[in-house]
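Q: Hi! I'm new to this one, could you walk me through a few parts of it?
A: Happy to, let's take a look together.

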Amino acid sequence: MRITKKLLITLLATVVCTVSCKDNFLNVKPTGSITNAQLTSKAGLEGSLIAAYSMLTGRSVGADGFYGGSTNWFWGSVLGGEANKGTNSGDQAQVNEIQAYHPQTGNTSILAKYQATYEGIARVNALLRILPDAQATVTAADKTRIEAEAKFLRAHYYFELKKHFNNTPYIDESVDYSKGIELVKNDTDLWPKIEADFQFAYDNLPETQGAPGRANKWAAGAYLAKALLFQNKFAAAKTLFSAVMAGGKTANGKAYGLVPKYGNLWRIANNNNEESVFAIQSAAGTGTINNANPDFVLNFPYNGGPAGCCGFFQPSFELGNSFRTDATGLPLLDGSYNTGANQLVTDEGVAAKALFTPDAGNLDPRIDHSIGRRYLPYLDHGPHPGVAWIRDQNYGGPYAPKKYIWTKAEEASGGVDKSSWTPGYDGQNVYIIRYADVLLMAAEAEIEAGSLATAQTYINTVRTRAAADIVMGKLIGFQPLAAPAVGPDYTKPILDNSLPAANYVITNYTVAFGSQAEARIALRFERKLELSGEGQRFYDLVRWGVAAATLNAYLTYEKAQVTASPFADASYVSPKSDHLPIPQREIDILSTSVLAQNPGY
Amino acid sequence: MKLYGRLRPIVSLLLMLTSTALLAQQANVSGSIIDENGAPIPGVTILEKGTSNGTNSDNDGKYTLNVSGSSATLVISFIGYKSQEIAVNNQTAINVSLVPDITALQEVVVTGYSVDQRRDITGAVSTVKARALSISPSGNVEQQLQGRVPGVTVITNGQPGTTSQIRVRGFGAFGGNEPLYIVDGLPVTDTNFLNPDDIESTTVLKDASTASIYGARAANGVIVYTTKKGTRGSKKLSITVDSMFGVTNPGTGQKMMNPQDFADWTWNATKNTAMQLGVPSDSIKFTHPQFGTGTTPLVPDYLLVGTSSGVTGSVDLAAEKAKYNVTDFSRPIYQVVKANKSGTDWYKAITHNAPLFRNTIGIRGGGENSRFYFGLSSQEQDGILNTQHFSREAFRVNTEFNILKNLRIGENLQFTYRATHSLQGGNGGQGISGEESIVLTAFRMPSIIPIYDEFGGYAGTRAPGFNNPANPVASLDGGKDSRGFENRSTGNLYLEFEPIKGLTARTSYGGNFGSSYFWSYQRRTYENSENNSAVSYSEGAAQAYAWTFTNTLDYKKSFSNLHNFDLLVGQEALNTGKGRNMSGTGLNPFSEDRDFVTLNTTAPGATRTVGSNYFKGVNFSSYFGRLNYSFNDRYIASVVVRRDGSSRFGANNRYGVFPAFSAAWRISSEPFMNGLKSVVDDLKIRGGYGIMGNSNNVDPNNQYSLYQTNVGNSSYPIAGTGASEGYYRSRIGNPNARWEKAVTTNIGFDGTFLSGKMDIIVDFWNKDTRDLLFSVPQTSENGLFAAVPSVNVGKMMNRGVDIQVITRGKISGKIGYEFTVNGGFLKNQIVALSPGIIYLPGDPGFRGINPIRNQLGRPISSFFGYQVLGLFQNQADIDAAPTQSGVIKTADALPGQVPGGVGRFKFADLDGDGKITQADRTWLGSPVPKFTGGMNFKFTFVGFELESYMFLSLGGKIWNQSKWFTDFYPSFAGAAISERVKQSWTPTNTGATIPIFENVSNFSTQSANGNSFYVENGSYFRMQNITLSYNLPSDIARKISMERLRVFISTNNVFTISKYQGMDPSVGGNADLNFGIDVGNYPITRSYTCGLSFGF
């Protein structure tokens, strides 16, 4: 029986042990994570701040993936009439109804924008919540800087919400899950909150920073002035813009100025240049495509062009025409660019193998840094072949985007991230505010609250730079067809790189603006030409109060240009279309008594 | 026998040491056991009643047993035969002739922690015969439960080795509804390692009365597998060999348009659009890179010659060959692709007849004090997709030794190698139906594209005009050298001790150790319109270990043969698995030579990424007890209580107590039933009530607020290059979550009628789950990246009826028949979410369409969207309808707008506000079948046996999302078009259900709006199996030195009757809030098998 006894004792002992150790036994700590108490070191606080910055890229959030970041290519530029979604009808079909200005409140891409932006805010708030508990080793200066950068970012994210959704619930570090977050209504104006955070950042941030991607004092100043401008507080905006222009420098210490060549703004080697007031930092090969400009991945030509995918973001006919200049080199401010022979000659409906002669009229040279057109050099990828690189010309039109497209040279030097399904990810920073924008905003403040002459100077500064960079490579003929066929091969153009690619004529405004109204028209048109495709125009049109008139005219014009237009049933209704609907998901969760839907939806 | 031989000295020694334990009054009984034909039956259990003292008959049917005294009673039982009880009464030789078990209600059932007589069970239990599990050539045994067990829903697909959606009595929670699997007493989370030929019995415990002894993890039912054991005291080895060979035929794919029709309908799309816009037919501009610009499309001879597309005429192939380039990516790719005018059948191109082999050798035997079973098996099976392969090699050892007369030690252990190559779809293959799988790609590739170009490279959508499907043959080929496999050791070691009569102490320690490894290659593609731009290579490994330690005491006592008590108490501690995994990925190795490529040889730098994680599993600590009482075999009652603690919950609510009560009344034993004796052999009424706990659907970290760093989620190149690390909130904790509770009630009848010719088992059941744990939808203001905690708020209702009817008999002398019907009715409904919430947002999106809404008052995973009333027939129809985006009323046309939109969907204005808005979306059906069942026919004639098995699923709906790709031109303009489109709406074909075929999408037709067009009837009937087998008569078998010999031929999935338009109505998906959607389902197709089974 000895064995049995031994076994019994062992059995009993193990049972007793399991029982006696039970409390410990049922405590299983999480792995691969940390608690917020562990983040109060300097590295932890800095890392929390990095996480808040990282949401600027949108990080491919949402079911559809490309609409959450602060690039606003879709929300600012497509809705602003500078481009259409592009590609074909079925691709990312959920945004079709948005670009036709009648989105459903349940639209998933609208939700993605809302969610990504609030994630940025949540990250700022999480940081500000632990900042008071910073460990003793964190210096007061670091704490102040971290707080100021965080508040700069929070102001940026709320500015995004304000532009897209008008008023949304204001959540700061004092509110959280189970601490009343579900009770905050959207009945309070966000502007004072945005201003306060930018002001704190402006007052507390250093002029230069240890890393070029950080917000500095002057970025905060410029952004605060922009917020003032959006509220029509022109005098205050003017004062602040003047200060920024007088003393401003980038986080890496470069005095604000314009990059000498307009086209160089979109070269990776030129990231964080003197014009980069605040930009989303991008880098290829960091181990994630989310650092490599993920919002833009679809916005490359199709079928053989650089990246090969996916044909989104095709500039509009109307934008192309806008670059027409008159004999003196000034834009057609009377709107006549959309009529008769003023319209650009395009290859819409012209087969790849058929003869096409590009437009020969006067053009602002910025067109060929902004729009990919048939037979014009497409950066260093050779001449754009027209329809061959367009996914569905009947739907999206003849143009391809050109800003933010990488060059072969950049690809060769590692600027393109090839770790994912398409090489449409790259290290090109995306401007949130660049100095030319500051000049034009300052000009606007001057027009509304100061001097037309100063405004004209600012506008001309921008135009002077535009004139300094023309694209070379004129179409002079075609290679012959392969024998035995005879005749020219229209898919193989011959360019002469010693000649300008088009007939570029651009001059400054030399005659003083006759009135505030005249100055306003010139300024607004200059913003369109200078900043096209950079996610700005829609908000400009709305704040100027001209969105309905401008965009309905745009829709009427565009609709007639292609056979299967995405705008067939589009119309802009003000004030409804001025803002996106509050996502239905949020209203369903918080109820209509907390979250009021925007008018018209 | 060798093993026993080696162990014999040890056993003898032990016996000598403990000989004092042998009691003088013991009696010795021996005998032989024969079947109805007089043939000996090996493996019969002979048990001394009220004890666990027992033995098994040997291969000659002989047994010897020492019983405690001459007044002992023997219980003789064997699966398939009626159990018998025989009093010893001083006999020393007892020969028994077993009678076939004509009633299923007499069998022995392995439940809870014990083995019970079916007739004493008070709860809801079903059993499945071993043969049923081994007959079909599926990879995983649980797939074979489909239609075999009333109340069990099985949704699966055709991939060998796929996981399936197995649900016992509905869907109790919003997730984690998988049943608990018990293999030889050890809880495991899956059974894909089991070889069907090793399984002795399968039992499904369905209600709290039976399952709650397993407590916390049993709320979704328990499936108990017992593997084969040896036979104590057998004189010789019994060796069985089971072999199966077969082939699965992929069948035919969906009908897609041939090249000429495809071109014509591309033109029709343009014409129809022009009609809608009021463009006169003579001014329509046709343009397509392949079909030209004429008023009739021209099918070209070559799709691609270098950069030219739509080439007609001949091409100088010799000259072109010099320019050919598909390997040097620094130069432009140059291909010549000929149009396949006869049409490529892409489904055929990616599939093949898939062979199957399964072989098992089982060796069982035993000595006086030992028994063993060795099972060695191999299953090698191809999937119908070209490169798919499943293999499972298993080695099982089950042994048991008597150390003392009243002390036994035993183990059940299996070593398994398992590999599923090219398994498609997430969640172990289960998710495939909801994914844009390679099966879908086959229906997106236009038939005009050939598989290969003129010089041996792949052809594809690099030829412009066909949008972006990727050549699926190339995709499969690209992964053909990728591999993944797992090695697994699963089993337990136990000790059983009987210190006094009727008391059994058992301790068992079980473990499950698994390790896995994979490597995979992805080629750099050139043939597609959208190509991946790098060669990539990944490699990784994982290991995990789970354990369970169980201790029970079981005391059986009978008073004056009227009062029978059975008390079981126990303790259990377990860990669900701790382990680690790691993997790496790199790009562009210098050479793609498989002998060269490792992670080290991929390009250095940040594109070479690594990842690892570590998990500790969940700990459970439990105590439980069960008391069974029966009076005079007439009144039976059972009480179960279990207290569980789990590390998933915070200290406040860690423990839950879960009781269950049940009782049964054998009404047929009552005197007043005597008059019905000729009709009613046995009738028992059962009732049970109980509460089970569940914690499956809550993250182990639910109680903690956590922060994380992740390069994709929170890094940022703040310095302009590289990436700085960021920390973000990843989880908000809830320390107060507590156990989910499933309250079950069950009322059942077990009856045997007409002298054993008919068994009827009926159960009415109710399962209400409350305190359901789920992540209550939170406002996005909390941040999207922080998982919100589960809180106890939801309620779910499941109700059903389970029916099993078995009739058996003989038609005329030699022809025997058996007819079994199993059926389960199920009603599932979400009863409560959190206050103020009527649905769960965040439902899955499919190209912008969100078909599912888990909504209050509806079944789980229900479909939601606009109700299609029909198609707009004319402008007057549009003008009279509510305002709807996508069509323009005459009165609403803006300047420059043409009113129109005929042939598009007309939606129902459910809120009657005259506009079609989001508020008009409604419930469109549920994928949960209302009834699933099976029918089994068996006829026997002399040695022949004909058996067929049918499955029926009624009342489920399917969301056929694949139609979005194949039936609408603008979804991906240029991709393949379904033959169905020829029936689409035109001004002359007004009875159509498919809308007008246009080249623009809009709200009304095909844009990102779910509507009832996609919802189809998912009911189906499937003839799943017909088997003809022949058993050699045992006397002839003996002449060739065999115990038995059986040969069979069989065909599976013979035909399916269904109205469903997709490939296969068996549509699963990622459970549980997201299934029933068919994007690219993998069909279950016909297979033919034959086999041989013999023993000697």
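This is a predicted model: local features need pLDDT of at least 70, side-chain atom pairs count only at pLDDT 80 or more; totals for chains, interfaces and linings use all residues.

Q: Which residues in α7(A) and α8(A) meet?
A: From α7(A), they include F152(A), A155(A), H156(A) and F159(A), and from α8(A), W191(A), I194(A), F198(A) and A201(A) are among them. By class, the residues of this contact divide into 10 nonpolar, three polar and five charged.

Q: What about α3(A) and α6(A), how do their axes cross?
A: Helix α3 (residues 42-54) of chain A and helix α6 (residues 108-130) of chain A cross at roughly 160°, with axes that come within 8 Å. The two helices are therefore roughly antiparallel to each other, and their crossing is left-handed.

Q: And who meets whom there?
A: On the α3(A) side you'll find L45(A), S48(A), L49(A), A51(A), A52(A) and S54(A), which meet R123(A), V124(A), L127(A) and I130(A) of α6(A). That contact has seven nonpolar, two polar and one charged residues.

Q: Switching topic: in the largest nonpolar core, which residues touch the most other members?
A: F152(A) and L153(A) do, in a core of 169 residues.

Q: What does L153(A) touch?
A: Not counting residues up to four places away in sequence, L153(A) touches L49(A), A52(A), Y53(A), L56(A), V124(A) and F278(A). Another core, of 43 residues, lies apart from the largest one, and A263(B), A269(B), A442(B) and V981(B) are among its members.

Q: Over to chain B, then. Where is S482(B)?
A: S482(B) sits in the loop between α8 (472-478) and β25 (483-497) of chain B.

Q: Is S482(B) buried or exposed?
A: Buried, because its relative accessibility is 11% and the cut-off for buried is under 20%. Leaving out residues up to four places away in sequence, S482(B) touches H421(B), W519(B), S520(B) and Y521(B).

Q: Last one: where is the place of N613(B)?
A: N613(B) is in strand β29 (residues 609-615) of chain B. With a relative accessible area of 40%, N613(B) is partly exposed.

Q: What is N613(B) in contact with?
A: Leaving aside neighbours within four places in sequence, N613(B) is in contact with G579(B), R580(B) and N581(B). N613(B) and N581(B) are 32 residues apart along the chain, and their C-alpha atoms are separated by 5.5 Å.

Key. Residues are numbered from 1 along each chain as its sequence is written. Chains are lettered from A and ligands numbered from 1 in the order in which they are written. Side-chain values use heavy atoms; hydrogens and water are left out. Contact means heavy atoms within 4.5 Å. Helices (H or I, at least four residues) and strands (E, at least two) are DSSP runs, numbered from the N terminus. Ala, Val, Leu, Ile, Met, Phe, Trp, Tyr, Cys and Pro count as nonpolar, Asp, Glu, Lys and Arg as charged, and the others, Gly among them, as polar. A nonpolar core is a set of buried Ala, Val, Leu, Ile, Met, Phe, Trp, Tyr and Cys residues joined through side-chain atoms within 4.5 Å. Buried means under 20% relative accessible area, exposed over 50%, partly exposed in between (1.4 Å probe, protein chains only). Axes are lines fitted to C-alpha atoms, for helices over the stretch in contact, and angles run from 0 to 180 degrees between N-to-C directions. Angles under 35 degrees count as roughly parallel, over 145 as roughly antiparallel, 65 to 115 as roughly perpendicular and the rest as oblique. A crossing is left-handed if the near helix is turned anticlockwise from the far one by less than a right angle, and right-handed if clockwise.
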